[in-house]
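Here are some notes to read alongside the model.

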Amino acid sequence: MRKEFLSYNPPTIGEAERAGVMETLCTPWVTTGPKTVAFEGELKTYLGAPAVVALNSCTAGLHVGLVALGVGPGDEVIVPAMTFCATANVVEHVGARPILVDVCPDTLTMDPEAVRAAITPRTKVLLPVHYGGHPAHLDELDALAAQHGLFLLEDAAHAISTRYKGRLIGSRANLAAFSFYATKNLTTVEGGCLTGEQSLVDKSRIIGHHGMNRDAWKRFDRSGSWYYEVVLPGFKYNMTDMQAAIGLAQLKRLGSFQARRREVVARYEAGFKDLTALELPVELPWAHSSWHLYVIRLRLEQLRIDRNTFIDELKSRNIGTSVHYLPVHMHPYYRDKYGYRAEDLPVAADAYSRMLSLPLHAALTDEDVDDVIQAVRELILSNLA
Ligand SMILES: *Cc1c(COP(=O)(O)O)cnc(C)c1O
């Protein structure tokens, strides 16, 4: 058995990130300044984005995105049930109603047919999630958005380096919000960004910075002046240069991080493919996943062990795992406010009952991966029904 506990996804922070932080601390700009501007520029180039604003979280990006799109009371936003709570919480923040829909059984991304059925005259935005790094069905969602005059706002928290039919998520004109939280494929410890067409991103930048109508940090620069005006009551969502310094270092390493993630995924795939009691994650032919998560589902009818016990047994073998996610409609706030039952969104509820996320990050060694494979195999083979 493995001697040291293996966490499921710690951040991969190295000398370059530490040096960037120390260097930034020796300059006058520790909060939003030249490093943030540079990070936005590098992200724009990497993603092929029309425009980028760096923010202090993906949640902030989704929130200002909804405000920029003019979403408010009386509006409905269609959100997949299988996501992190923030995707729905931001809809509540603007006083609109999240309409939770079911997901596709294979990718666990928003089901376009469920979206079609959920559209009403009040629908304003479709908010797909690229779950686990697998792209959502954008062509189908685009068609529905065009037909009904809706906006698309992508929750791209998992999707840095994800491609839909060859094209990077974040390169489109509609808004997409990325997360640089500590567990994500690229981290600034906390942080995020919003991409999209220039006018929407400019508006979002103002909304995310107190509603001030100019780059506030330039106020304190010799080239700028002290004058600014508030054009709306905005939020305080700016990224700091401390975070951007980490992001600049991480972006240089992203290619190698992603290559390693794919190797780990291939090793898992080879290690598990004969186990019919496991349902493995997919990458559809038109998709290029960022492999943010490696989510396996237990085929419970073939096993004498449930998901929670499976997780406990892996933990006792020093393998850390997690669950992504308790579906939004099963959280007490949403369940009670809107009267959802678990079985109203059966694909999400069923997936939740039998899913777990195995360790997946760029610093895993082949030995780490083999330890996980061995522990999972042993548990499955000793618990066949
Ligand atoms: C992590 C995450 C978020 C929130 O990201 P923050 O940067 O922590 O605000 C939103 N949606 C999904 C799907 C996430 O996984």
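1. Let us start with a term. A patch is made of residues with over 30% relative accessible area and no salt bridge, where like charges are joined within 9 Å and nonpolar side chains (Val, Leu, Ile, Met, Phe, Trp, Tyr) within 5 Å. A salt bridge here is a side-chain nitrogen of Lys or Arg within 4 Å of a carboxyl oxygen of Asp or Glu. Accessible areas come from the Shrake-Rupley method with a 1.4 Å probe, and for residues only the protein chains shown count as cover.

2. Before going further, please note that this is a predicted model: local features need pLDDT of at least 70, side-chain atom pairs count only at pLDDT 80 or more, and totals for chains, interfaces and linings use all residues. Residues are numbered from 1 along each chain as its sequence is written, and side-chain values use heavy atoms, with hydrogens and water left out.

3. Now for the patch itself. On the surface, Met22, Leu25 and Val30 form a nonpolar patch, and together they have about 270 Å² of accessible area. Met22 belongs to helix α1, residues 15-25 (helices are DSSP runs of H or I with at least four residues, strands are runs of E with at least two, and both are numbered from the N terminus). With a relative accessible area of 53%, Met22 is exposed (buried means under 20%, exposed over 50%, and partly exposed in between, with a 1.4 Å probe and protein chains only).

4. Next, have a look at the ligand. Which residues come nearest to it? Of the 15 residues around the ligand, these are Thr59, Asp155, His158, Ser179 and Lys184 (a residue is near a molecule or strand if one of its heavy atoms lies within 4 Å of it).

5. The side chain of Asp155 has an N or O atom 2.8 Å from a ligand nitrogen. A ligand oxygen lies 3.3 Å from a polar side-chain atom of Lys184, and for Tyr325 the distance from an N or O atom of the side chain to a ligand oxygen is 3.0 Å. On its own the ligand has 380 Å² of accessible area, of which the protein covers 93%.

6. Tyr325 sits in the loop between α9 (307-316) and α10 (332-338). Asn318 is found in the loop between α9 and α10 too, and has a positive phi of about 65° although it is not a glycine. Is Asn318 buried or exposed? At 16% relative accessibility, Asn318 counts as buried.

7. Finally, the strands. β7, β6 and β11 make an open sheet in the order β7-β6-β11, with antiparallel pairing (two strands pair if DSSP finds at least two bridges between them). β7 (167-168) and β11 (287-288) stand at the edges with a single partner strand each, so one side of each has no neighbour in the sheet. Within this sheet, two bridges link β6 (residues 163-164) to β11, and Tyr164 has Ala287 of β11 as its bridge partner. Elsewhere, β2 (residues 76-80) and β4 (residues 123-126) run parallel and are joined by three bridges, with Ile78 opposite Leu126.

Methods
Polar contact = N/O pair within 3.5 Å; in protein donor to acceptor, adjacent residues only side chain to side chain.
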